[in-house]
Amino acid sequence: MLSLAPNADVSAAETPLVSAADVQKTYFTRQSPIHAVASASLDVARGEFVSLLGPSGCGKSTLLMMIAGLERPTAGSIMLAGKPVAAPRRDIGIIFQDATLLPWKSTLENVLFPIRILRLPIEKYRDRAHSLIKMVGLAGFEHKKPGELSGGMRQRVAICRALIHDPEILLMDEPFSALDAITRDQMNVALSEILETYRKTVIFVTHSIREAAFLSDRVVVMGGRPSTIILDMKMPFPRPRRFEVEETQEFAQVCRQLRLTIEAAHGHGQNSDREPVKQDPGKATSAAVSIIE
Amino acid sequence: MAKATIGTETGAALPASGASRFQGAASLSSIVLPLGLAFIVLAAWQLYVTIWQVPSVILPSPVSIAKYIVARYDILLMHAVPTTLESAAGFLFALLLGVAIAIVITYSDMAREALYPNLIFFQLIPKIALAPLFIIWLGVGSQSRIAFSVFIAFFPVVIATTAGFLSVDRGILRLCRSLTATEWQVFTSVRFPMALPHIFSGMKIAITLAIIGVIIGEFITAQAGLGYLIIFATARADTEVSMAAIVVLCICGLLLYGLVALAETVANRFYSADSR
């Protein structure tokens, strides 16, 4: 028995927590089928932070929703902790672009909402809710309603809500893209601090190159039309990360490489139906600017 | 403030604290101004009747109406009770029926497609014209008046409640789905509280319509009730009595409306309260 334990550990470490194999998603409309995701294969290890990066409409959110069990893949399989994903599961925490809080409930009650839905004992999670709220810097706002909070604060509440039932995996769908640039930077730092305390496996969808590079262990670039995974790149920056990382030469180079990859795919992907000019520098720059914002 | 809390979109901020500084002054003027205006109108009425010596059959003075109400409150009360009770009953049935139809419309596409156009068409019927038929169908008792009251009052509840149920943020529904929430959980913890402000605005329209329904019923056939009293007094050219009955009717309506508003406050408090 004793000899088996380390083996089991090794296999657990080696088996990816999330494993998507040749996943496809096609929406059938009246005119013609739309291939949201042509083919995507992705492994995410336990505790890893992986960003799905790409321009709007590249199917990254669709892939995330399929991992969440909110959408069914047309083909391919998604395994989560060794089991196929067929429907939504309780061990997932999701954060959407909007905070989607209940407007009549206080911060504390919104954070406890999943506990109610999952019919878990509220009393056991009350302390955890308070410490999460404190962790994200909302101490003193426990009894405020969402209408009294700023956009950034509401998204912090949503993060607490996603973490309250201690899910194995955190899925974030462009969580900060509705926030202003300054708040967004603050939220990025806040998120990496939160994850230092509450270690989670995270899949993070974004169209901001900087955000993806700053937060992730790995950045997966999606693009082209029909959309596929075109780059899977490890982020070499040490943790814990703070703003200063973004000022390094290395960070700039990584961002540049990600940008060029997206541009290349963008060139013969989204623009293909217009004109096949690939190396027009002016066009490439404007495309890159629109991606970086 | 509780009124504003429920149903405010996540983006909408509550009144800022700066506004509360003027709240004392605002609430004072919100009492003084309407009362002042009412007083001026009544005084002008009284003056007009006194100066031109308008006969009481044409237009009794406010003072004489008030005197009649004070002197014969027993008769007025006797007639007010059935009208108020029947209105309340009509309103409650209209509420139940309206919410039930709204639930069916919300959850069944087929029912929505079948029901909705017919409901609108139904709405276009001049419903007052149907009041005599209710007497034929249900007799001269209070059941026909209550039924007519329900018939006239349920529609705004259906419209408002359906709008409320369908106003739920799709993101919140997706969140519920990701948490494996049952349809019942979604209804009780999201859809229903989300729809409450809509339901209450529908209820506020319904309560006034319910009273109208009962009064019309009483106009047609009744042995008691304020509508009966109005018709009876008018037939005898006793304008003072019928005016007094109208005043009492307003008070009864205000009372019922107040109860709805109170229920709204209680419901808001219940849903926005933190659990202990």
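1. In this predicted model, A:Val18 has A:Leu80, in β4(A), as its bridge partner. Strand β1 (residues 18-27) of chain A and strand β4 (residues 75-80) of chain A run antiparallel and are joined by 5 bridges. Two strands are taken to pair if DSSP finds at least two bridges between them. Strands are DSSP runs of E with at least two residues, helices are runs of H or I with at least four, and both are numbered from the N terminus.

2. β4(A) also pairs with strand β5 (residues 83-84) of chain A, again antiparallel, through 2 bridges. Here A:Met79 has A:Pro84 as its partner. The two strands make a hairpin with 2 residues between them, and A:Ala81 in the turn has a positive phi of about 55 degrees.

3. On its other pairing, β1(A) is joined by 7 bridges to strand β2 (residues 34-44) of chain A, and the two run antiparallel. A:Tyr27 stands opposite A:Ile34 in β2(A). This hairpin has 6 residues between its strands. In a regular strand, side chains alternate between the two faces of the sheet.

4. The numbering needs a word: residues count from 1 along each chain as its sequence is written, while chains are lettered from A and ligands numbered from 1 in the order written. As the model is predicted, local features need pLDDT of at least 70 and side-chain atom pairs count only at pLDDT 80 or more, whereas totals for chains, interfaces and linings use all residues.

5. Chain B has 12 helices and 0 strands. Buried residues make up 34% of its 276 residues; a residue is buried if 20 or more other C-beta atoms, placed from the backbone, lie within 10 Å of its own, exposed if 12 or fewer, and partly exposed in between. The C-alpha atoms of chain B fill a box of roughly 75 × 55 × 35 Å along the principal axes.

6. An automatic or database assignment divides chain B into domain 1 (21-52) and domain 2 (69-272). Their C-alpha centres lie 30 Å apart. Among contacts in chain B with a separation of 6 or more, 77% are between residues 24 or more positions apart. Residues are in contact if their C-beta atoms, placed from the backbone, lie within 7 Å.

7. Confidence is lowest in helix α1 (residues 2-5), at a mean of 40, and highest in helix α5 (residues 73-107), at 95. Residues 1-21 of chain B stay under 50. For the complex, the predictor gives an ipTM of 0.80 and a pTM of 0.79.

8. Where the chains meet, 28 residues come from chain B and 29 residues from chain A. On the chain B side, α9 (170-178), α10 (183-220) and α12 (239-272) each supply at least two residues, and α9(B) gives the most, with 7 residues.

9. The largest nonpolar core has 136 residues, and those with the most contacts inside it are A:Ile67, A:Cys160, A:Leu171, A:Ile203 and B:Ala206. Such a core is a set of buried Ala, Val, Leu, Ile, Met, Phe, Trp, Tyr and Cys residues joined through C-beta atoms within 7 Å. Its largest share, 15 residues, comes from α10(B). Beyond four places in sequence, the contacts of A:Leu171 include A:Leu64, A:Ile67 and A:Ile203.

How values were computed:
Two residues are in contact if their C-beta atoms, placed from the backbone, lie within 7 Å. pLDDT is the predictor's confidence in each residue, from 0 to 100.
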